Amino acid sequence: MSLFGTLLLVLACPPDEPRSPLQSLAEMTVHPGCRVELIASEPVISDPISIAFGADGRLWVVEMRDYPLGESDSGQGQIRILEDRNRDGLFDQATVFLDQLSYPNSVLPWKDGAIVCCPPEILFARDTDGDGLADEKTVLFAGLATGNPQHRVNGLRYGLDHWLYFSNGDNGGEISSEQTGDSLALGTYDLRLQPDQGRMERLTGTSQFSRCRDDWGNWFGGNNSTPIWHVVLDDRDLRLGSHALVARRREFIKDPAAKLQTLIPQQRRLNQPEAEQRFTASCGLEIYRSDQLPTYKNGFLVCDPAHQLIHASGLKRHGVTFQERPLGANTHGELLASRDPWFRPVQARTGPDGAIWVVDMYRQTIEHPEYIPRRFHTSLDFSAGQGRGRLYRIVSDDITGNRQPWPNLTQMSNLQLIETLHSENGVLRDLAQQQIIEREDAEILSVLSRLVVESMNPLVRLHAMHILSHFESLTTTALQGLLSDPHPEIRRHAVEKCRHLFKTETGLRETLYSLINDPSSRVQLKLIGILAGDADEASLNVLAKLAHQKGHDAFVRDAILSMDDKRLPKLLPKLLSHHPIPPSSGPMIGELLLVSHRMKNHEALKSGLQAITQSTFSVDTENWQMRALAHWVSGLRQANLSVESLVKDFDESLSESVEQLQQKLNHARSIALDTTVSPEVRRCGLAVLGQFTSEFPEDLSTASRLLRPQEPSMLQTLAVDVLRSVRQRETGHRLLESWSTQSPILRERILEAILKRPDWTRILMEKLEQEDIDVQTLGPKYRQQLVNYRFPDVRRKATELLGQIDEDRERIIADYTASLTLTGDATRGKLHYEKNCASCHETAAREYPLAPHLSELTRREAESLLIAILDPNRSVEPKYQRFRIATESGEIFEGRIGADGEDSISLVDAQGKISIVPRETILSIQSGPSLMPEGLEKEISPEQMADLLAYLIQGT
């Protein structure tokens with residue numbers, strides 16, 4: 001059919017009807033210099049969500065045929081193998097390899113079969129009789145969480161280390177190895193597995209769908225609303241003692257609020273209508289690893305099936321991580337976009353032929369019913385598109401004629417496999433590496449032993465290093481050479497290979513130590529990850545020097561501070577011995593003081609106190625002592641400790657240092673109120689208040705004075721934190737006494753502090769009852785917390801004063817439907833948004849966002865948005881679920897789970913403050929509903945709701 005004839009068919013096709021594969025192809029727009037080719041479609045395949053390339057030239061396709069409403073035991077999912085028998089570049093043979101699967105999501109050819117991710121299990125399947133259908137199926141790992149198929153463990157990818165890498169998906173689970181019997185709770189982590197040995201390890205997460213890596217083994221992830229982040233600190237390099245806080249392990253590369261360049265007006269968004277033209281369904285992440293399309297080489301590709309497009313951007317090095325870079329003046333961000341509303345790209349992959357392969361699930365509705373208001377269910381056909389699905393590849397316009405698929409590596413000789421390691425195509429190199437490892441041929445290892453030191457191609461040296469390491473054939477001599485390789489990424493990987501060897505190889509140890517001066521910060525960061533697990537004194541010396549040199553880098557600082565708690569205090573005197581100490585070292589020294597205190601390490605604490613007390617504080621500059629003291633005291637406050645407890649916790653030999661320290665604290669106290677110095681210096685002074693019982697009255701007065709609206713907001717916020725640490729009943733009165741003059745943001749901070757302590761909460765209830773505080777100033781979030789408070793007397797009083805939250809959400813929604821017919825005022829609506837919504841919905845760029853991003857929004861479906869506002873618990877994603885933790889000290893923490901560690905839980909409150917709660921102090925943990933509270937109808941009338949909807953829809 002001619003292109004003109006195809007276009008006529010497209011124009012004749014109703015917008016709510018599916019297009020044929022050729023019609024859909026004609027509605028695509030692709031970057032200049034590229035074109036799109038259709039390579040497979042229904043009925044050859046159906047409902048594809050993931051692909052994998054076989055070393056034998058075959059394509060493996062995962063078909064989630066039961067999405068979204070298949071029964072748990074329906075077994076409709078399949079793994080299908082496609083072949084190009086006539087070698088014309090198009091697949092003409094399809095074989096069902098494995099069927100009767102429930103929601104399979106990823107596959108990878110492995111030895112004489114394939115690994116299949118199908119939660120709750122990870123399987124190995126193979127065909128033993130040659131009929132193409134797997135007749136042997138073995139469970140390798142089990143226990144993965146099921147639930148919504150969008151949130152299951154997925155994303156099976158091959159690593160340079162011959163491990164398989166998976167995305168958590170958000171549901172995680174507790175995975176167990178059938179071979180070893182070991183189990184592992186995933187929590188908020190991703191996962192890697194060694195299927196032949198049954199080994200498991202947790203990785204920094206939580207990516208949704210799916211993880212990927214570049215040629216050099218840098219791993220990237222993302223989730224629905226965050227298209228890409230770089231994993232800077234991985235779990236294997238972090239010991240994460242119970243006293244350490246690693247604030248950030250990932251670098252966010254793409255702004256989640258970036259506007260997408262869609263080709264068609266968006267259909268009514270039933271799931272997250274507030275986020276049209278913003279990333280809401282990011283998935284299928286890929287780093288393009290070939291040279292056929294040089295514009296995109298080493299850049300990232302991310303699918304957004306809700307917007308019918310694939311976004312592309314470049315990457316550039318930035319210290320230990322990456323930044324986004326534009327692809328070029330004539331190239332916009334959308335690599336591929338379609339006018340077909342059924343086009344649903346869910347995965348982009350670098351093909352072994354150099355093309356970019358695209359998996360199109362092809363559905364009318366891609367959202368899962370769980371996230372769509374129930375009132376719409378009867379009008380939607382969630383199966384529309386079932387049985388359809390297409391595969392495309394994006395190629396260079398310079399490529400003409402029929403093209404053969406990638407070569408069959410299983411038929412290659414050993415030397416041909418070695419030659420394939422020289423390919424510019426990263427997928428081919430991976431397939432060659434996997435074949436070499438599976439053959440276990442000594443002849444190949446002999447050749448690789450020469451190439452690892454002699455090859456002029458650094459990527460060949462990289463693969464050779466990993467293959468030899470897998471077979472424990474990487475000699476110490478070769479490793480010594482790789483540690484001084486001219487390419488920094490080779491040196492970084494060589495450091496990783498020394499993780500265990502250097503403890504017994506003296507020569508390796510000395511070479512490792514020499515890398516302290518390596519010009520690459522990435523090599524130094526990996527060096528920290530290795531040495532942090534070593535007890536040798538010389539390793540501590542190297543870490544201290546790196547801390548002195550690189551303490552300003554948050555990732556370097558966190559990597560060092562994550563080492564074992566028992567060894568951290570030993571680092572403090574070593575760090576203090578390096579002079580001059582820059583101000584940037586202050587936070588690390590403060591953290592080391594905190595750990596020394598908590599670990600009751602007398603010598604380390606004494607050296608730190610002496611260093612601080614024997615120096616002179618400067619009133620007009622923020623020197624390291626001020627920063628260290630402020631950071632230490634802030635940590636003590638969070639740990640329910642104080643400077644005053646030093647003498648009690650240790651012995652009298654510290655009393656002299658404590659007396660000298662009190663003089664420094666008094667000096668810092670005076671700085672807190674000195675308006676002639678910078679707010680940052682005043683912040684350091686303010687942070688030390690509340691450390692001596694004798695000074696409580698004065699400190700309460702000082703902190704209360706800083707709650708005045710004339711003070712900088714940073715100081716007001718810190719003043720609340722200081723007051724929160726003074727656990728006296730009077731403090732509750734001080735926090736609330738100037739309520740009427742406080743800004744909404746500061747009031748939230750105060751309420752977060754008040755509600756953590758039952759005695760202060762009762763003071764709040766008294767003031768509400770006496771009408772010293774207006775009930776309407778609390779907001780629905782805190783009113784809901786009060787009527788559901790832990791203690792019955794508070795709940796009763798809150799219900800009496802605030803009223804019970806109406807549980808009849810359907811009736812309330814019906815009462816507010818009038819808002820949909822009113823003409824709202826977006827200017828007034830913005831005020832309602834800022835008062836009631838902004839504090840949570842403006843957090844998308846945080847490590848742990850509290851809610852989907854709602855800024856600069858356009859073309860919303862008002863009715864669906866109204867339902868989401870008034871009935872937020874109708875559909876709750878696990879990552880936005882509220883948890884309440886009660887501790888032995890009487891404090892109550894509420895928020896979302898940030899990190900679920902072995903020894904502690906990190907909870908993020910509405911202010912973005914991270915609280916680390918040691919497990920040994922926890923009395924109870926309760927999971928609750930959505931972080932978004934019910935009861936907004938108490939704050940907003942139907943007329944005001946119309947204004948709010950107008951603002952959200954207009955997006956100004």
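Visitor: What makes helix α25 (residues 780–787) count as mostly covered?

Guide: This is a predicted model, and in it 8 of the 8 residues of α25 are buried. Buried means under 20% relative accessible area. P780, K781, Y782, R783, Q784, Q785, L786 and V787 are in that class.

Visitor: How much of the chain counts as buried?

Guide: Of its 956 residues, 62% do. The chain has 31 helices and 33 strands. Among contacts between residues at least 6 apart in sequence, 66% join residues at least 24 apart.

Visitor: What makes a set of residues a nonpolar core, and how many residues does the largest one have?

Guide: The members must be buried, come from a list of residue types such as Leu and Trp, and be joined through side-chain atoms within 4.5 Å. The largest nonpolar core has 173 residues. L59, L391, L448 and W632 have the most contacts inside it. Helix α6 (residues 458–470) supplies the largest share, 7 residues. A second, separate core has 47 residues, among them Y782, V787, L802 and I892. Y782 and V787 are also among the buried residues of α25.

Visitor: Which residues does W632 touch, leaving aside its neighbours within four places in sequence?

Guide: W632 is in contact with G590, L593, L594, H597, L605, L609, V643, L646 and L661. The test for contact is heavy atoms within 4.5 Å.

Visitor: Back to α6. Is its direction relative to helix α8 (residues 488–497) roughly parallel or roughly antiparallel?

Guide: Take the general point first. Two packed helices are described by the angle between their axes and the distance between the axes. For α6 and α8 the angle is about 10°, and the axes are 10 Å apart. Angles under 35 degrees count as roughly parallel. Therefore α6 is roughly parallel to α8.

Visitor: Which residues meet where α6 packs on α8?

Guide: From α6 come P458, R461, L462, M465, H466 and S469. From α8 come I490, H493, A494 and K497. By class, this contact has 5 nonpolar, 3 polar and 2 charged residues.

Visitor: Why is strand β11 (residues 154–158) described as largely enclosed?

Guide: Apply the cut-off of under 20% relative accessible area again. 5 of the 5 residues of β11 are buried, so the rest of the structure largely encloses this strand.

Visitor: What makes β11 and strand β12 (residues 164–167) a pair?

Guide: Pairing takes at least two bridges between the strands. β11 and β12 have 3, and they run antiparallel. Y158 stands opposite L164 in β12. The two strands form a hairpin with 5 residues between them. In the turn, H162 has a positive phi of about 70°.

Visitor: Why do β2 (34–41) and β26 (345–350) count as edge strands?

Guide: They belong to an open sheet of 4 strands in the order β2-β28-β27-β26, with antiparallel pairing. β2 and β26 each have a single partner strand, so one side of each is left without a neighbour in the sheet. On average, neighbouring strands here are turned by 25° against each other, direction ignored.

Visitor: What puts D47 in the buried class?

Guide: D47 has a relative accessible area of 1%. The limit is under 20%, so D47 qualifies as buried. D47 lies in the loop between β2 and β3 (48–53). Its phi is near 50°, a positive value in a residue other than glycine.

Visitor: Is the peptide bond from Y67 to P68 cis or trans?

Guide: That bond is cis, with omega near 0°. P68 is in the loop between β4 (59–63) and β5 (77–83).

Visitor: What is omega for the peptide bond that joins H579 and P580?

Guide: Omega is about -5° there, and the bond is cis. P580 is found in the loop between α13 (568–576) and α14 (586–598).

Key
Residues are numbered from 1 along each chain as its sequence is written. This is a predicted model: local features need pLDDT of at least 70, side-chain atom pairs count only at pLDDT 80 or more; totals for chains, interfaces and linings use all residues. Side-chain values use heavy atoms; hydrogens and water are left out. Buried means under 20% relative accessible area, exposed over 50%, partly exposed in between (1.4 Å probe, protein chains only). Axes are lines fitted to C-alpha atoms, for helices over the stretch in contact, and angles run from 0 to 180 degrees between N-to-C directions. Angles under 35 degrees count as roughly parallel, over 145 as roughly antiparallel, 65 to 115 as roughly perpendicular and the rest as oblique. Ala, Val, Leu, Ile, Met, Phe, Trp, Tyr, Cys and Pro count as nonpolar, Asp, Glu, Lys and Arg as charged, and the others, Gly among them, as polar.
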